[in-house]
Amino acid sequence: MKCQECELLLAQGEIGPEVEGHVAGCPSCRSLAAELQANAHAMRAMNEEILPALPVQRHPAYPWWRWTSAAAAVVITLGAAWWVSRPAKPPQIVSVDVKVAGLVPKAEVPYVKAEIPETLTPTIVRAVPVANTEPLKVKMLTPDPDVVIYWLID
Amino acid sequence: MIRRLVWMLVASAVLSAQAPVPAANANVEMTVYLISGSAQGTADDVPKDLDSTVKQLHSVFAYKTYKLSESFILRGRSGNASTEGVLPGVGLHYRFGYYKLRLSGDAPRAVQLDGLNLELTKPSGQFKDGKQIHETVAKIYTDLDMRDGQKTVVGKSSLNAIGDALILVIVPKVIE
């Protein structure tokens, strides 16, 4: 076996009896074989070495959009709670110039029979909650500056 | 900066002077008249002091007659006050009072009543322990702003089934 063939087989890792025989008698190829074996050891050692962990880019624990979203949610929740639980408006005071023409006694109230059309179709009417049950207070200004009249209407 | 601070102090002083303050030293004597307005009758039955008031009531409402049921004087400072009694003739029990009284500092002084309350009740039975059960016949409950010496009328038309009116005339007088 020539040295060139032996080097080729050593490089390919095909180490058979012929190669071993040539290496035993050829110092040059023995040196090459030892070098290749050292390289192989070094490569294996590199594979087994634990590499240091790569530096990981750290993100902030709570990015800005999380804080702003949480703040917005809190504000909306508090606003909704306030809107739902806000007190009813106080009775409105209205100044009017009133002249009552007369009272109609009960006996003179005309009796009108209610007529219900035959084509009446049932409809669903939404119940409207009454927000304010306080009586309406009407302020009446009189020609006498020393007399003020407040009239309460339930 | 200093000029702005001075302006703020002046503005707050003006505002606090205008706001009603609790009646710390002054007493308020309130003369209260309980009047009923009726669609029946021919002549009014009210004291001379109320002539001008009843004249205005006639010009506004169509009740034919106004009749005095009861009158009393209630004196108080800041805080609450109340009185009660029985209306002569009809046997109704009344309770008149207010939750809080406030006075403005400037003349003519404004009298502010919070929670003015007049309730007419009638006995409707007895509890087992002998205490009377009272049924509310009519009630007036409101806050009121008045002026010293002004005749302030508060009324509503639901005293009874025939539509008679329950009318309060309050005349506050501030006593320094």
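1. Two residues are in contact if their C-beta atoms, placed from the backbone, lie within 7 Å. On that criterion, 43% of the contacts in chain A between residues at least 6 apart in sequence join residues at least 24 apart.

2. The model is predicted: local features need pLDDT of at least 70 and side-chain atom pairs count only at pLDDT 80 or more, whereas totals for chains, interfaces and linings use all residues. Residues are numbered from 1 along each chain as its sequence is written, while chains are lettered from A and ligands numbered from 1 in the order in which they are written.

3. For chain A, the mean pLDDT (the predictor's confidence in each residue, from 0 to 100) is 74, and 62% of the residues reach 70 or more.

4. Chain A has 4 helices and 3 strands (DSSP runs numbered from the N terminus: H or I of at least four residues for helices, E of at least two for strands). Their order along the sequence is α-α-α-α-β-β-β.

5. The contact between the chains takes 16 residues from chain A and 18 residues from chain B. On the side of chain A that touches chain B, β2 (136–141) and β3 of chain A are the elements that give two or more residues; β3(A) gives the most, with 6 residues.

6. β3(A) also pairs with strand β9 (residues 151–156) of chain B, in the parallel sense, over 5 bridges (pairing requires that DSSP find at least two bridges between two strands). Tyr150(A) stands opposite Val154(B) in β9(B).
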